Amino acid sequence: MKPKERVPFLLNHTNVNAFRDDLISWFKKEQRILPWRENQDPYRVWVSEIMLQQTRVDTVIPYFNHFMSRFPSPEALAEADEQEVLKAWEGLGYYSRARNLQNAVREVVESYDGVVPSDPDELGKLKGVGPYTKGAILSIAYDTPEPAVDGNVMRVLSRILYVEDDISKQSTRKLFEELVRHLISKEDPSAFNQGLMELGALICTPKTPSCMLCPVQDHCSAFEKGAETELPIKASKKKQKKIPYLLLLIENDQGEVLIEQRPGEGLLASLWQYPMVPLEDVDQESVPVWMYGEYGLKVELGEKVDHVRHVFSHLIWEMDVVRAVVKSGRLDHERARFVDREAMFDYPFPVSHQKAHPYISP
């Protein structure tokens, strides 16, 4: 059965108007004071929604404030150097979000005179603007009744409406988008969508929902059945692959440190890092030979000073942090350079490599 055909059955026992009113009333009374809620500026809404993907609100707040002070308008972000943008994003992770945001904002400046499109088709064609981000911008900034379905929303509605579909499937997301189209307030879509998000963040949490405090408890089928902790249904993720590395802190005779820029595509694209030796391919004794082949430098390894474990969604880096010094050779690597310690902090580094900063000799 197609999503549109299932909607009437799933909403059959729900008083839609009462649910909608209870949710909006609660949100307007209890919503958190957050910097991106100061106004309905679509650019601010857009930046906040991109930052909030996969990142906690408390973490995002200082980044958002700093980012908006540096790039207060679409024009300011469009004109900025990518490295400056990545530096402002440093520590937030998922850096492709920042690159896609800047590229899309440049298109807004070039094609729409710096005004974020209010047309769903135009907005949805921008780089990095998926269905959720599009719905969030249209509903929050432009009061357009568009669904904005993320994990929070699917969790809340799976419990309210007792939906047992696997939320990791694209078909389930489509189902929830259809459900929101039927549930959303036409008069106040902004408060409705934000109310669903806020309810999922504060009350209808993943493991221990606070059902006794829930403003829409009377409408919740899962609570009625005592099954609120059993929903939503989500297939288990594949096991993350562990990859071992040596992270080398290499200094030359001038006390400069070797850093390199990652490729412009792929994981942590265009960020800077210390050299990483893949221990799956190179045994520890062969590291100096590998370094000479890759960088044109003969190095002498020193002490191990730390072990850094960094978890991505699909893999885990296990990195031994080791000091090293240059004995001879000439740097021959198009993306690598020696920099002094003070200048090094002008470059955007991923969190995994920031953890090695304290071990650079003063």
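1. α12 gives the largest share of the lining of the largest pocket, six residues; helices here are DSSP runs of H or I with at least four residues, strands are E runs of at least two, and both are numbered from the N terminus. Keep in mind that this is a predicted model, where local features need pLDDT of at least 70, side-chain atom pairs count only at pLDDT 80 or more, and totals for chains, interfaces and linings use all residues. Residues are numbered from 1 along each chain as its sequence is written, and side-chain values use heavy atoms, with hydrogens and water left out.

2. That largest pocket has a volume of about 1900 Å³. (A pocket is an open set of points on a 1 Å grid over the protein atoms alone, where a 1.4 Å probe fits, with protein on both sides within 12 Å along at least five of seven lines; lining residues have an atom within 4 Å of a point. Grid points are joined across faces, edges and corners, and the volume is the space filled by probe spheres set on them.) It is lined by 48 residues, and L52, Q54, D150, G151 and N152 are the closest to its centre.

3. The second largest pocket holds about 380 Å³ of space. Of its 18 lining residues, G93, Y94, L268, H310 and F312 are the closest to the centre. Two or more lining residues come from each of α7 (96–112), β5 and α16 (351–354).

4. On to β5 (residues 297–311): 12 bridges join it to β6, and the two run antiparallel (strands pair if DSSP finds at least two bridges between them). A hairpin of three residues links β5 to β6.
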